[in-house]
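Open the model in your viewer and keep the sequence panel beside it.

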Amino acid sequence: MSLTLTPAGTRHAAEIFKSFFEDHRGCRYHHDFLCFRKIFLANQARWLEGDENATREIARCLQCVLIHWGANKRNAPFAGLDQFVARLREKHFRCAMERLFASRSVASVYEDNRARVLKQLYRLFVPRPKRSTYPTKALMLLCPHVPAFDSNVREALHCIPAHLRKWDGTAAELLALHKILEAFWARHGQHLLGVLQQVNHEHPAEEWDACPGRVVDMFLFSVGKRYIEAEEPRLLEWEEP
């Protein structure tokens, strides 16, 4: 199955994005995202080379944002700062991240690297099997090509495909959902980018274009939070292959 915008979803896209920036929690989340990305990009090259100070700075900021997003609440297992530093310090993790940054244009290589990275991040939050979306939030912060998958996004995708209906938050399920949302971006990304640029002039179009996962996440967050009421027109639908 594939996810698509309905005609109503296409028409209401500007209103959906406006609701995100008018929502207190949405604005707070986006401020955290932008602050992390600024620090991450300033330290990325040195981190990939194994610099300890850059590694610790990224780990500290990543943990801080995720705590701000509730990772130490809601019964979500959560690692300490030393565990974050240790994970980001690992050479095979840094190599997988570097390949992920470089392989977006080669689908099979990109998916393999994303799977490796997500499974490593998963161990920071889920030392034993338990539902958690914080690995995808961490991955979106580090590499905003992919969306996260929080409760509001799940609400937007309320009719998820049958093989994912009993969602437990495993790495395999999250990777499958990433593929669905990437296909959604390939189909509707240019329209969403154009609308977003009209709604929010704070960032140039090329910055949004570099963060497709974040744009999809923002859109679905607002759909799930504000536009899934029974009386609202259906904005998203699933199509059979």
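A disulfide is a pair of cysteine sulfur atoms within 2.5 Å. This is a predicted model, in which local features need pLDDT of at least 70 and side-chain atom pairs count only at pLDDT 80 or more, while totals for chains, interfaces and linings use all residues. Residues are numbered from 1 along each chain as its sequence is written, and side-chain values use heavy atoms, with hydrogens and water left out.

Select Cys35 and Cys61. The closest cysteine sulfur to that of Cys35 is in Cys61, 9.1 Å away, which is too far for a bond. Across the whole structure, the search finds zero disulfides. Cys35 is partly exposed at 36% relative accessible area, where buried means under 20%, exposed over 50% and partly exposed in between (1.4 Å probe, protein chains only). Cys27, at 31%, is also partly exposed.

Next, select residues 52-68, helix H4 (helices are DSSP runs of H or I, at least four residues, numbered from the N terminus). H4 has 17 residues and spans 24 Å from first to last C-alpha, close to the 24 Å expected at 1.5 Å a residue (1.5 Å times one less than the number of residues). Its buried residues include Ile58, Cys61, Leu62, Val65 and Leu66. At the start of H4, a side-chain oxygen of Asp51 comes to within 3.1 Å of the backbone nitrogen of Asn53. Just after H4, look at Gly70, where phi is positive, about 95°.

Finally, show the largest nonpolar core, which has 70 residues (buried Ala, Val, Leu, Ile, Met, Phe, Trp, Tyr and Cys joined through side-chain atoms within 4.5 Å). Among the members touching the most others are Phe36, Trp47, Leu66 and Phe219. Helix H10, residues 171-199, gives the most to this core, with ten residues.

Key. Helix = DSSP H or I, 4+ residues; strand = E, 2+ residues; numbered from the N terminus. Polar contact = N/O pair within 3.5 Å; in protein donor to acceptor, adjacent residues only side chain to side chain.
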